[in-house]
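Please open the structure in your viewer and keep the selection tool at hand. The tour below goes from one stop to the next and says what to select at each.

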Amino acid sequence: MRFCDLCQKEVINVADCRCIGNVADLEIDECSGCIRALIVPECGHFFGLFGPGVEYIIPWKRIVKIGPDIILVDVCLKDVKGKHP
């Protein structure tokens, strides 16, 4: 799967069945080359251009399923919310 394919999928939280947004970036472990987290900007924002740079950093282990159209995750949003530097 390519990064552009991930970006086209909606990220859905199975904890509350809400759409979090779309993948905008990845956090990658430099040593192993493995993906550590998906980075999803808060809905309505694009990397801080239209408001504060709030994003969700979703650990790879919290991904439940990657389907053809969506990515299911199981997270508490307040635990994965971060500020873009």
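This is a predicted model: local features need pLDDT of at least 70, side-chain atom pairs count only at pLDDT 80 or more; totals for chains, interfaces and linings use all residues.

Residues are numbered from 1 along each chain as its sequence is written, and side-chain values use heavy atoms, with hydrogens and water left out.

Begin by selecting K9, which sits in the loop between α1 (3–7) and β1 (10–13); helices (H or I, at least four residues) and strands (E, at least two) are DSSP runs, numbered from the N terminus. K9 is buried but has no salt bridge, and the nearest side chain of opposite charge, that of D69, is 6.1 Å away. Here buried means under 20% relative accessible area, exposed over 50%, and partly exposed in between (1.4 Å probe, protein chains only), and a salt bridge is a side-chain nitrogen of Lys or Arg within 4 Å of a carboxyl oxygen of Asp or Glu.

Next, select R36, which is partly exposed at 44% relative accessibility. R36 forms a salt bridge with E27, with the closest N and O atoms 3.2 Å apart, and another with D29 at 3.9 Å, N to O.

Finally, select C34, partly exposed at 45% relative accessibility, and C76, partly exposed at 37%. The count of disulfides (pairs of cysteine sulfur atoms within 2.5 Å) comes to zero.

Key:
Lys and Arg count as positive and Asp and Glu as negative; His and the chain ends are not counted.
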